[in-house]
Amino acid sequence: MIQRQIKGRFAPSPSGRMHLGNLFSALLAWLSARSAGGELVLRVEDLDPDRCRAEYAAQLADDLRWLGLDWDEGYERGGERGPYLQSLRTGSYAEAFRRLEARGLVYPCYCTRAERLAASAPHRSDGQSLYPGKCRDLTETERRRLEAEGRRPAWRVRVPDEDWAFTDGHMGRCTRNLLRDCGDFIIRRSDGVYAYQLAVAADDAAMGVTQVVRGRDLLDSTPRQLYLYRLLGLTPPEFFHVPLLTAPDGRRLSKRERDLDMGALRRRFTPAELTGLLAHLAGLLDRPEPVAARELAPHFSWDKVPRTDIAVEAV
């Protein structure tokens, strides 16, 4: 079997200042690629016009450079496979959507968010809802009536009732059933914005990404993306999902944790001190001590990284 050269990526959303958890994933993505002599792409996932801001994109690039995490192509650097802002790549998403539509694999869904939640049972512990397929087999007459009421549909892709097994590079063997775990999922919102699942699969394939390192909270997105890869005839990357950093009470760190965002962290730490803290949390150092990312790369191993979430005390 021919081993593909590693091409990793970091793909943050510019919806606020990066926090410690974002940096944890970014460092591991960087180390995984660099330790194998691979390349790295920085893609900015600014699909949501209501939440994303250009100034946040520039800020996150500056924060990554401050920490010593460079990239070979992408935002602010360019490359042959750009553009590297998702807001500028909608044409490729539209083409992928048309290919699925031509095969009868997508359908319009007129359910409001309230209707979707009312009709679905909470799924798993994270509150994810299972779509019951209410609009899957609407007649043309029913669709015209809903549109006459002013309803703008989202578009869902049909999923099969089959088990989907894959091996995560860090978490190991995983099995999901799309129909039972999430149901037909949205690939284009009712406002015309293409959804994360379609955009990320199309982008990773177009940019030649062979390795995706990201937080464990996105593990359940993987079978949906693998399904889209199969439908579109694309080669999927290898996935590595990393544990989440949590508050002592178990809450996942978020951009609302202002004391752990990059603004506060840059005032309190040098780049080497912050890298040492992250490396300690990742199991790469016995204790937090100053270190540069480039010093960690030759000794990086996934075997050292925990597989369970990591509680972060006050830093």
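Guide: The secondary structure of the protein chain, in this predicted model, amounts to 11 helices and 14 strands. The radius of gyration is 20 Å, close to the 20 Å that the globule rule gives for 315 residues, so the chain is as compact as a globular protein of that length. Along the principal axes, the C-alpha atoms fill a box of roughly 65 × 45 × 40 Å. Of the 315 residues, 52% count as buried. Among contacts with a separation of 6 or more, 75% are between residues 24 or more positions apart. The chain exposes about 15,000 Å², and carbon and sulfur atoms supply 48% of that area. As for charge, the mean positions of the 48 positive and 45 negative charges lie 3 Å apart.

Within this setting, the part requested is an open sheet of three strands, in the order E1-E2-E3, with parallel pairing. Strand E1 (7-10) and strand E3 (73-74) stand at the edges with a single partner strand each, so one side of each is left without a neighbour in the sheet. Strands of a sheet pair through backbone hydrogen bonds, either parallel or antiparallel. Here, strand E2 (residues 39-42) is joined to E3 by two bridges, and these two strands run parallel. In this pairing, Val-41 stands opposite Glu-73 in E3.

The loop between E3 and helix H3 (90-102) holds Pro-83, and Glu-76 has its place in the loop between E3 and H3 as well. Two backbone details deserve attention there. The phi of Glu-76 is near 70°, a positive value in a residue other than glycine. The peptide bond from Gly-82 to Pro-83 is cis, with omega near 5°.

Helix H2 (residues 54-67) contains Glu-55. Is Glu-55 buried or exposed? With a relative accessibility of 51%, Glu-55 counts as exposed, because the cut-off for that class is over 50%. Between Glu-55 and Thr-139 there are 84 residues of separation in sequence and 45 Å in space, C-alpha to C-alpha.

The buried residues of H10 are Leu-274, Thr-275, Gly-276, Leu-277, Leu-278, Ala-279 and Leu-281. After H10 comes Gly-283, which has a positive phi near 80°.

For a contrast with the parallel pairing of the open sheet, one may turn to strand E8 (residues 163-168) and strand E9 (residues 172-177), which pair in the antiparallel sense over six bridges. E8 and E9 form a hairpin, with three residues between them. Ala-165 stands opposite Thr-175 in E9.

How values were computed: Residues numbered from 1 in each chain as written. Predicted model: local features only at pLDDT ≥ 70, side-chain atom pairs only at ≥ 80, totals over all residues. Heavy atoms only, no water. Helix = DSSP H or I, 4+ residues; strand = E, 2+ residues; numbered from the N terminus. Buried < 20%, exposed > 50% of the residue type's maximum accessible area, 1.4 Å probe, protein only. Pairing = 2+ DSSP bridges. Rg over C-alpha atoms; globule rule 2.2 N^0.38 Å. Contact = heavy atoms within 4.5 Å. Areas by Shrake-Rupley, 256 points an atom, 1.4 Å probe, with all protein chains shown as cover. Lys, Arg positive; Asp, Glu negative; His and termini not counted. Charge placed at Lys NZ, Arg CZ, Asp CG, Glu CD.
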